[in-house]
Amino acid sequence: MSSEKIILGIDPGTTIMGFGLIKIYGKKMEFLQLNELHLKKYEDHYLKLKLIFERTVELIDTFHPDEIAIEAPFFGKNVQSMLKLGRAQGVAMAAGLSREVPITEYSPKKIKMAITGNGNASKEQVAKMLQSLLDLKTLPKNLDATDGLAAAVCHFYNMGKPIQGKSYTGWSAFVKQNPKKVN
């Protein structure tokens, strides 16, 4: 592990994409930014995906993260919502892969467990713990930004440990880990 590293955390969504950035110095982390991309006002799902891609590329080009941590979609009963969320995650991942930034996926439970010690913690509990850990003065109104920040902090806590999620270092790694299934 190098002595200095920037991690971009993303909580993908088609209504709000939350994101946060931290800087790592050895074994210490420092808060850089958290924010949200608001997409509710856009009707066209494909336009939302384009905006997610462009914002992610803009974040990468501005902050030059060494790694990206992204929250994996959780299993839900609404198939359409899952599909939309998966697409949002996919374009955020494609943005990172297009800039050759390694990506690691974490389940919501794993992120909550890393931050609070409880895999069933509420968004509010995660936000309050991040506020304490990173000495944040205020929290955003929507907690999607803190969910993105939580993914980055979870990744920091899991660096150097075997990763149980999926990790991609570029397009070739993605293709290798996701071979086309033949019937």
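Modeller: Contact means that heavy atoms lie within 4.5 Å, and by that rule Ile-24 touches Ser-3, Glu-4, Lys-5, Ile-7, Met-29 and Phe-156, residues up to four places away in sequence not being counted. This is a predicted model, in which local features need pLDDT of at least 70 and side-chain atom pairs count only at pLDDT 80 or more, while totals for chains, interfaces and linings use all residues. Residues are numbered from 1 along each chain as its sequence is written, and side-chain values use heavy atoms, with hydrogens and water left out.

Biologist: What makes Ile-24 count as buried or exposed?

Modeller: Buried means under 20% relative accessible area, exposed over 50% and partly exposed in between, with a 1.4 Å probe and protein chains only. Ile-24, which lies in strand E2 (residues 16–25), has a relative accessible area of 1% and is therefore buried. The C-alpha atom of Ile-24 is 7.4 Å from that of Ser-3, although these two residues are 21 apart along the chain.

Biologist: How many aromatic pairs does the structure hold, and how do you know which kind applies to Phe-156 and Tyr-157?

Modeller: There is one such pair in the structure. The ring centres of Phe-156 and Tyr-157 are 5.7 Å apart and their planes stand at 40°; rings of Phe, Tyr and Trp (its six-membered ring) pair if their centres lie within 6.5 Å, and planes under 30 degrees apart count as stacked, over 60 as edge-to-face and the rest as tilted. The pair is therefore tilted. Phe-156 is buried at 12% relative accessible area, whereas Tyr-157, at 29%, counts as partly exposed.

Biologist: Which side chain, then, makes a polar contact with the side chain of Glu-36?

Modeller: The side chain of His-38 does, at 3.1 Å; the term covers a pair of N or O atoms within 3.5 Å, where within protein one must be able to donate a hydrogen and the other to accept it, and residues adjacent in sequence count only if both atoms are side-chain atoms. A polar atom of the Glu-36 side chain also lies 3.5 Å from the backbone nitrogen of Ala-145. Among the residues that Glu-36 touches are Ile-16, Phe-19, Pro-140 and Leu-143.

Biologist: What is the phi of His-64, and what is that of Asp-135?

Modeller: His-64 has a positive phi of about 50°, and Asp-135 a positive phi of about 55°, although neither is a glycine. Most residues other than glycine have a negative phi. His-64 belongs to the loop between helix H1 (45–63) and E4, and Asp-135 to the loop between helix H4 (123–134) and helix H5 (144–158). With relative accessible areas of 55% for His-64 and 56% for Asp-135, both count as exposed.

Technical notes: Helices (H or I, at least four residues) and strands (E, at least two) are DSSP runs, numbered from the N terminus.
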